[in-house]
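Welcome, and please take a moment with the sequence and the model before reading on.

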2 protein chains.
Amino acid sequence: MNCFNSRLSDQLAVKQSWLCVGLDINPENMTQENPTLDDLQNHTKKVIDATREFAAAYKPNLAFFERWGSKGFAWLEETLDHIGVDTLTIGDAKRGDIGHTAKQYAISLFDHFGFDAVTLNPYMGRDAIDPFIQNPEKGVFILCRTSNNSGVDLQNLKGNGKRLFETVAENCAGLNENDNVGLVVGATVPKEIDIIRQYAPGLPLLIPGVGAQGGDLEASLTAGNTNGVALINVSRGISFAGDQSEEAIHIAAKDYVEIMRTILG
Amino acid sequence: MNCFNSRLSDQLAVKQSWLCVGLDINPENMTQENPTLDDLQNHTKKVIDATREFAAAYKPNLAFFERWGSKGFAWLEETLDHIGVDTLTIGDAKRGDIGHTAKQYAISLFDHFGFDAVTLNPYMGRDAIDPFIQNPEKGVFILCRTSNNSGVDLQNLKGNGKRLFETVAENCAGLNENDNVGLVVGATVPKEIDIIRQYAPGLPLLIPGVGAQGGDLEASLTAGNTNGVALINVSRGISFAGDQSEEAIHIAAKDYVEIMRTILG
């Protein structure tokens, strides 16, 4: 049995890819007018088929499925089936709740949907994380420094000589007893990746914010893969590339991975 | 059209009840062995029917529905239908994500499921909250000081002369332009309610943690309803009261509300 963090490192090495394909299938981004749920499902499968060769992981964003209620969750179940077991899956859920409730979310995301890892929110402290890190094969990526403009509202507040996101990084390093804890750090703040690595050496990073959000691919890929590994998430830049054909999506994923290979030598 | 915070105050005054009935229908709490999803659905309806007279609001906890995937979300849709429009509903989802994603969660919780309010997480700052507070009729309760043991891990960190939860309270007061922002404060920390009121005067509070978590009903109800209003959430103490019959659940809700009426005179 392999711990999640080793499974991730192995996957990156075997595929020579650091690409996480985010599945945020927003009807407003489709070229088609008024797409139905069937259209969205078909597009999701197309994105998966077009990118299998290059994706180290897929990251379905639960919000885009929840938006459609029970039918949206049926679509999410089908999406996980379609991905299969050869590529890692990260449930982008950003959950965070008291232990009693967190346990239910862990059952949902790991046992029901079968994700390999999930994203979590650190605001409620350790006992909101614990139920997700009991099984070493399953991993978590905890929000540390986020890519949105108002990420600084709380995350950069200084207390006890550290900014809040630094305390989060340090606390998360302390949770990594099963080698299955990682962090979410936005590509919009590459300078802070080095600092985070000091507090959380070796923890894998999930880096969103490249593409539509304007993050720096080269800087964040390089910093993220120094003294540890990092996955770079791209959502809209791949799922809705060009004319949204399978070929356009395939080329977009290929281009990203080739650029990454060049950057990392 | 009424702002959410006025709708809430009106509801409390009309019903003379400060009781929020939490719907965390955990199969492990059922007296029945190996309950099916149908059993859980029937129990949920029973809890609603038994408590309608006393509940100022219902708070379905999404984790307990998500655990069952698409079928669980169908159960949540039926639950909302069964509650109807005469009692306020709070979707306990504790969501928090970048604006683009938060917008999808707002569509899910307000438009698809039809909740009157939702719980949110403040870690990602203002732009993760904004999409939920555009419609004044719909409200949010933002996590401020939570009832779990490790709530202190981050929330009590001091920066700029204030603890993090005090900064959250102050920031949330600044978001209340549409009179639809409230806070979540655990019943396990009643002393801190007065402090929160100083930073966020008049914001309604949602207070979980009474019952199974050992929070102080009298202290938190009194502090919460001084210079503002507060809803007290009870989940397991009502949904799984006594022999779990409709009568036992009815009596448990009635007892809570009578105690509350006595405390508030």
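Predicted model: local features only at pLDDT ≥ 70, side-chain atom pairs only at ≥ 80, totals over all residues.

Residues are numbered from 1 along each chain as its sequence is written, while chains are lettered from A and ligands numbered from 1 in the order in which they are written.

**The barrel**

Let us begin with chain A, where eight strands form a closed barrel in the order β1-β2-β3-β4-β5-β8-β9-β10, with parallel pairing. Helices (H or I, at least four residues) and strands (E, at least two) are DSSP runs, numbered from the N terminus, and two strands pair if DSSP finds at least two bridges between them. From one strand to the next, the twist averages 30°. For a closer look, take β8 (residues 181-185) and β9 (residues 205-207) of chain A, which pair in the parallel sense over two bridges. A:Val184 has A:Leu206 in β9(A) as its bridge partner.

Contact requires C-beta atoms, placed from the backbone, within 7 Å. Axes are lines fitted to C-alpha atoms, for helices over the stretch in contact, and angles run from 0 to 180 degrees between N-to-C directions.

| Helix | Strands touched | Angle between directions |
|---|---|---|
| α4(A) | β1 (19-23), β2 (57-60), β3 (88-95) of chain A | about 175° with β2(A) |
| α8 (residues 191-199) of chain A | β5 (139-145), β8, β9 of chain A | about 155° with β8(A) |

**A tyrosine in chain B**

B:Tyr199 lies in helix α8 (residues 191-199) of chain B. Beyond its neighbours within four places in sequence, B:Tyr199 contacts B:Glu166, B:Ala169, B:Glu170 and B:Ala173.

**How the chains meet**

At the interface, 48 residues of chain A are in contact with 48 residues of chain B. On the chain A side, α5(A) gives the most, with seven residues. By class, that side has 18 nonpolar, 21 polar and nine charged residues.

Chain A can be laid on chain B with an RMSD of 0.0 Å by a turn of 180° and a shift of 0.0 Å along the axis. This is the relation of a two-fold axis. The copies meet through the same surface, because 100% of the interface residues of chain A are also interface residues in chain B.

Methods. Contact = placed C-beta atoms within 7 Å. Nonpolar A, V, L, I, M, F, W, Y, C, P; charged D, E, K, R; others polar. Least-squares fit on C-alpha atoms with pLDDT ≥ 70 in both.
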